[in-house]
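Subject: Structure handover

Hello,

Here is the structure I promised you. Please open it and keep it beside this email as you read.

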Amino acid sequence: MASSDEMVNVLEECRVSPPPNAVGEKSLPLTFFDLLWLHFHLVQSLFFYKFPHSKTHFIEITIPSLKHSLSLALKHFYPFAGNLLFPPNLREPEIHYVDGDSVSLTFVESNSDFDYLIKNHQRKIAHFHPLVPQLPPVSVQQGTIIAPVFAVQREPLMLEGEILPFYDRTMVKDPNKIGSIFWQHHQKSKFEGYRPLLPTSNILASFLLSQADLQRLKKRVMVQCPTLLHVSSFTVTCAYTWTCIVKAQVWSGEEVSENELEHFGFVADCRACLDPPLPENYFANLIGEAIQEKLGSKKGVLEGLDKWVVNFSSINIERAVGVAGSPRFSVYDIDFGLGQLQKREFISIDETRSISLLEGKDNKSDIEVGLSFPKIKMDAFASIFTNGLSVYD
């Protein structure tokens, strides 16, 4: 059991840049896909790996290696080291990089119970907050783009050829001036940049849907909706989890009107759906309402996107659930040179009211669902989620 007095000891604080003269000066305008997220909170997550060596080995060998590999990675992913600039003439912001720009990197030692933190069982979200980097605030005029960048010990071969990031923003066509609409709306709110997560008394837990569970859920859906040609694992996972969340709200004593509208939001990859389609290595935000009706519509997946920000601001956030992560990312295959990933946790779901989705650690066909709720609601959800699956046996 983890204690309530977790502490971290800072081993080193530094800044890491791409190799000198490796990038040059670069500017990247924000497309409407990027502007969409300007006021959203950062996605913050933790990766847990077992480290079999001594603290001395970590300081003398691992830290220099990670700093070097991060520098090599930033040569290709330089926007992470750049700054978010707001031009004085109120044009759309852009990411600007000059030689010497860097990312903040902090190495700390924690007394937290590793085995306790990597389990799927209920754990206090507050136990994880000491492990989340507290990044410096950014100014309105020039804010540092903060994002986690991970790299392996040497410059990987996978960065060769087509896997290198593609940054050409001119390929994103915006004939309806959606970007200008988003920017006009965002100017009504002060840009606050990075906002640190505040610990809550909530409980973090993960629930696994096995391949057998998913198949039973799919079969149930196909029986009830025989006209459907295909039901994905993502669809049944989201639908089942969302249903359990709504039921848990009632069971835990939340006041919910029968006529209250519930919202569920998720993002979808639009690269292949645009005209012209974008390459798979296009590096930026690229999402849309890619539901089946939109995919089959001649108007395309961007229809109605100009009203997205206004529509979202009218939603009762208390009755909304989002999704962080995806089972398609194969997160448990990422070793960073440290061996098998033991656990990934999305700490920011505690604030964003989202669920996290990952592929199964031991079986990629399984799906791992992460949630953060008050204790009484988590207990209700766990009971509903577990007992509900037995109905489909």
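D213 is buried, with a relative accessible area of 11%; buried means under 20%, exposed over 50%, and partly exposed in between, using a 1.4 Å probe and protein chains only. The model is predicted, so local features need pLDDT of at least 70 and side-chain atom pairs pLDDT 80 or more, while totals for chains, interfaces and linings use all residues. Residues are numbered from 1 along each chain as its sequence is written, and side-chain values use heavy atoms, without hydrogens or water.

D213 sits in helix α5, residues 211–224. Helices (H or I, at least four residues) and strands (E, at least two) are DSSP runs, numbered from the N terminus. Leaving out residues up to four places away in sequence, D213 touches L208 and L389. Touching, or contact, means heavy atoms within 4.5 Å.

Now the whole chain. It has 10 helices and 14 strands. Of its 393 residues, 42% count as buried.

Next, the sheet. Six strands form an open sheet in the order β7-β9-β14-β13-β11-β10, with mixed pairing. Two strands pair if DSSP finds at least two bridges between them. Which strands stand at the edges? They are β7 (123–124) and β10 (263–265); each has a single partner strand, so one side of each is left without a neighbour in the sheet. β7 runs antiparallel to β9 (residues 203–209), and 2 bridges join them. K124 has I203 as its bridge partner in β9.

Best wishes
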